[in-house]
Amino acid sequence: MDRTFSKLTVEIPAGPENSSHTYPIFTGQDILSTIGPVASEYHIPEHVIIITDATVEKLYASHVQAALLNYGFRPDIITIPSGEANKTPETVRFVYDKMHQLGCGRDTALVAVGGGIVGDLAGYVAATYRRGIPFIQVPTTLLAQVDSSVGGKVGVNLPYGKNLIGAFYQPRFVFIDTKTLTTLPARELKSGLAEVVKYGAILDRELLSLLTNTIDDLLKPDVSRFPEIIERCCALKSSVVEKDERESGYREILNFGHTIGHAIEACTNYSLLTHGEAITYGMMVETHLSVNHCGLPADDARAVCSLLLRLSPPPLPEPVDVDQLYQTMYSDKKVRAGVLRFSLINKVGDATFGETPDEHYVKQSMRKVFTTGEDECVY
Ligand SMILES: NC(=O)c1ccc[n+]([C@@H]2O[C@H](COP(=O)([O-])OP(=O)(O)OC[C@H]3O[C@@H](n4cnc5c(N)ncnc54)[C@H](O)[C@@H]3O)[C@@H](O)[C@H]2O)c1
Ligand SMILES: [Zn+2]
């Protein structure tokens, strides 16, 4: 078994609102059973709570529990129900109560073993329980490995908006075992690929070309190409977070596709589409908007759009209510001083943030994308 892993260090300098943080992201194939010595090296307390969901509990959480137990830790498991509809303050309360029953104090650590929902929710619990306890991310979906486990945004949803309750809370370390992707359903793999396309579109033209050339292979069950992509995406995200941990400006570029994507999630009760599918639609619309508002060249728009179409998100309920979607965007965190802000692209690999296109153009782009055929590029 290959037990070597690569290590990328995230170095966040102190800013006006944050202290400095340095932590590693370990990536490797089949490394879950080696988490014990790493946890020990990073001074994780003996009592550990593994937060997971029902699916991942059976697949990996008990494996992580055994690995920690073998190394002298006292790991307990708390299992939350799967799905975005459960990323709520009610589930946070459920976890607090369980932790209280298990005698957790400030000398307890949390380990999130699962996708972005487990990671975001467990991270929020870690940030708030007894004013903050150590936290480790063990992401098991592609989306969580390339995005949500890195950068310290943690939180839960309210019925009227995504991630409206949250904190910036960095983990002690991130532990990515790419072998976990072998059990991931194709739909979830595609959802993660949506965030990968985002990185290419906003920061890395070469990555976008790589995706274009390999998308057929990436959509196959064979996940051997993913380690390289995951490391590249983690490096891209780290470079953004290091410049602007608290999203006072530049980090907003990571929201490309998300102003519209989050509204789609809220309007479909967080249950019809995965986050990745919602932002696939979001990026289609915001690519169109980028052409009109930022002069994105048509060739670049076509390259992004063609990749997004290959991710084939499920159809939206017809007819799509563009006015309702637009109104829902105002509940989003990205609204400032009553103005809707978008992160768009000037060209592939070059993003811009704080854009405020006219309502008319936003709705026009939505109508254009939502009325174009499922496998048809609008360019
Ligand atoms: N914090 C951030 O910076 C950030 C960034 C991007 C997305 N997010 C959030 O991440 C969430 C989405 O995360 P997600 O797409 O990972 O969804 P998820 O956590 O719901 O996981 C998707 C599904 O896959 C299952 N699963 C997980 N790992 C598996 C595996 N290895 N094998 C088989 N099944 C597995 C889960 O049980 C779940 O049913 C959203 O809430 C989104 O807002 C946060
Ligand atoms: Zn996202």
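Let's start with contacts. Take the pairs with a separation of 6 or more in the chain: residues 24 or more positions apart account for 76% of them. Keep in mind that this is a predicted model.

Now the overall build. The chain has 13 helices and eleven strands. Along the principal axes, its C-alpha atoms fill a box of roughly 60 × 45 × 40 Å. A compact globule of 379 residues would have a radius of gyration near 21 Å, and the chain's 20 Å agrees with that. On burial, 49% of the 379 residues count as buried.

Next, the domains. There are two in the assignment: domain 1 covers 5–183 and domain 2 covers 186–371. Their C-alpha centres sit 25 Å apart. In the contact, domain 1 puts in 34 residues and domain 2 puts in 31. Look at the domain 1 side. Strand E1 (5–12), strand E2 (21–28), H5 and strand E8 (161–168) are the elements that each give two or more residues there. By class, that side of domain 1 has 14 nonpolar, 15 polar and five charged residues.

On to the core. In soluble globular proteins, nonpolar side chains tend to be buried together. Here, the largest nonpolar core has 112 residues. Which of them touch the most other members? Those are Ile51, Val64, Leu110, Val111, Val113, Val197 and Val304. Helix H6 supplies the largest share of this core, at nine residues. And where does the core lie relative to the domains? Both domain 1 and domain 2 give residues to this core, so it lies between them.

Take Val304 from that list. Leaving out residues up to four places away in sequence, Val304 touches Val197, Ala201, Met283, Thr287 and Val348. Val197 is another of the residues that touch the most core members.

Now the ligand. How many residues surround ligand 1? The count is 29, and the closest are Thr55, Gly115, Gly116, Thr141 and Ser148. By class, the shell divides into seven nonpolar, 15 polar and seven charged residues. Each domain supplies at least three of the shell residues.

Last, some local backbone points. Glu318 and Pro319 are joined by a cis peptide bond, with omega at about -15°. Pro319 is in the loop between helix H11 (298–310) and helix H12 (322–328). Ser312 is in the loop between H11 and H12 as well. Ser312 is not a glycine, yet its phi is positive, near 35°.

Arg130 has 13 C-beta neighbours inside 10 Å and counts as partly exposed.

One more loop residue: Ser33, between E2 and helix H1 (35–41). With 16 other C-beta atoms within 10 Å, Ser33 is partly exposed. Beyond four places in sequence, Ser33 touches His63 and Ala67. Ser33 and Lys7 are 26 residues apart in sequence, and 17 Å apart in space, C-alpha to C-alpha.

Methods:
Residues numbered from 1 in each chain as written. Chains lettered and ligands numbered in written order. Predicted model: local features only at pLDDT ≥ 70, side-chain atom pairs only at ≥ 80, totals over all residues. Near = placed C-beta within 6 Å. Nonpolar A, V, L, I, M, F, W, Y, C, P; charged D, E, K, R; others polar. Domains from an automatic or database assignment. Core = buried A, V, L, I, M, F, W, Y, C linked by C-beta atoms within 7 Å. Buried ≥ 20, exposed ≤ 12 C-beta atoms within 10 Å, placed from the backbone. Helix = DSSP H or I, 4+ residues; strand = E, 2+ residues; numbered from the N terminus. Contact = placed C-beta atoms within 7 Å. Rg over C-alpha atoms; globule rule 2.2 N^0.38 Å.
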